[in-house]
Amino acid sequence: MFANRFTALIDACTLADTLRRSLLLTLAEEEFFRVRWSHPILDETRGAIHKMLVGREAADASEKSAQAISYMERAFEDATVLDFSAHLPSCDRLPDPGDAHVVAAALKTQANLIVTENLKDFPSAILEPLNLEAKSADAFIADTIALETGRAVQAIQRMRLRFKNRNCPPISYC
């Protein structure tokens, strides 16, 4: 359906939150969009999940954070963007040089959008000439649901059941 036309690169700050990650990946699984990330994004995500689990005093925080990334990679085998370093020079004007890899990966995969909670680090004045846009997860999710509300609501209901009912098949990327 829509997956052939729209690609979204998801930043680590967005993937770190369990519910937000599950909602985005549920919508990607339903082919509302193609999801993309890079190894540096997944490494940052793993670190953020680990930090949150340690903060909650969760047992096996390292194992659980690594497992979350492993589930994501298995569920979306084609999502990882590789060999994007040639695009790094296009990203030298970002407010945070540490975010250059995000834009470079988006350029390599020809993403339409970067989904991030750090909008200030991805100013439109820099992204627009690169044919990119940054959007918060909330705005992106709302826009995605509006594409086909009935189908999106059904997908979200299935996601909710996976969280609520232990008899349902486990979500593969939580």
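## Basis of the values

Residues are numbered from 1 along each chain as its sequence is written, and side-chain values use heavy atoms, with hydrogens and water left out. Because the model is predicted, local features need pLDDT of at least 70 and side-chain atom pairs count only at pLDDT 80 or more, while totals for chains, interfaces and linings use all residues.

## The sheet

An open sheet of 5 strands, in the order S3-S2-S1-S4-S5, has parallel pairing; helices (H or I, at least four residues) and strands (E, at least two) are DSSP runs, numbered from the N terminus, and two strands pair if DSSP finds at least two bridges between them. S3 and S5 (134–135) stand at the edges with a single partner strand each, so one side of each is left without a neighbour in the sheet. S1 and S2 pair in the parallel sense over 3 bridges, and Ala8 stands opposite Val35 in S2.

Of the 9 residues of helix H5 (residues 100–108), 8 are buried, so the helix is largely enclosed by the rest of the structure; buried means under 20% relative accessible area, exposed over 50%, and partly exposed in between, with a 1.4 Å probe and protein chains only. The buried residues are Ala100, His101, Val102, Val103, Ala104, Ala105, Ala106 and Leu107, and what covers them includes strands S1 (7–10), S2 (34–38), S3 (80–81) and S4 (113–115), together with helices H3 (39–55) and H6 (124–127).

Thr45, in helix H3, counts as buried at 0% relative accessibility. Leaving aside residues up to four places away in sequence, Thr45 touches Ala12, Leu15, Ala16 and Ile69, where contact means heavy atoms within 4.5 Å.

## Packing of H2 and H7

Two packed helices are described by the angle between their axes and the distance between the axes. For helix H2 (residues 18–29) and helix H7 (residues 137–147), the axes come within 11 Å and cross at roughly 30 degrees; axes are lines fitted to C-alpha atoms, for helices over the stretch in contact, and angles run from 0 to 180 degrees between N-to-C directions. The contact is made by Arg20, Leu23, Leu24 and Leu27 of H2 and by Ala137, Phe140, Ile141 and Thr144 of H7.

## Aromatic pairs

The structure holds 3 aromatic pairs; rings of Phe, Tyr and Trp (its six-membered ring) pair if their centres lie within 6.5 Å, and planes under 30 degrees apart count as stacked, over 60 as edge-to-face and the rest as tilted. The rings of Phe33 and Phe140 have centres 4.9 Å apart and planes at 80 degrees, so this pair is edge-to-face. The pair links distant parts of the chain, with Phe33 in the loop between H2 and S2 and Phe140 in helix H7, 107 residues apart. Phe33 counts as buried at 1% relative accessibility, and Phe140 counts as buried at 4%.

The rings of Trp37 and Phe76, with centres 6.1 Å apart and planes at 85 degrees, also form an edge-to-face pair. Trp37 in strand S2 and Phe76 in the loop between H4 and S3 are 39 residues apart, and both are buried. Phe6, Phe33 and Phe140 form one aromatic cluster.

## Positive phi values

Most residues other than glycine have a negative phi. Asp60, in the loop between H3 and helix H4 (61–75), has a positive phi near 60 degrees. Gln110, in the loop between H5 and S4, has a positive phi of about 55 degrees although it is not a glycine, and at 64% relative accessibility Gln110 counts as exposed.
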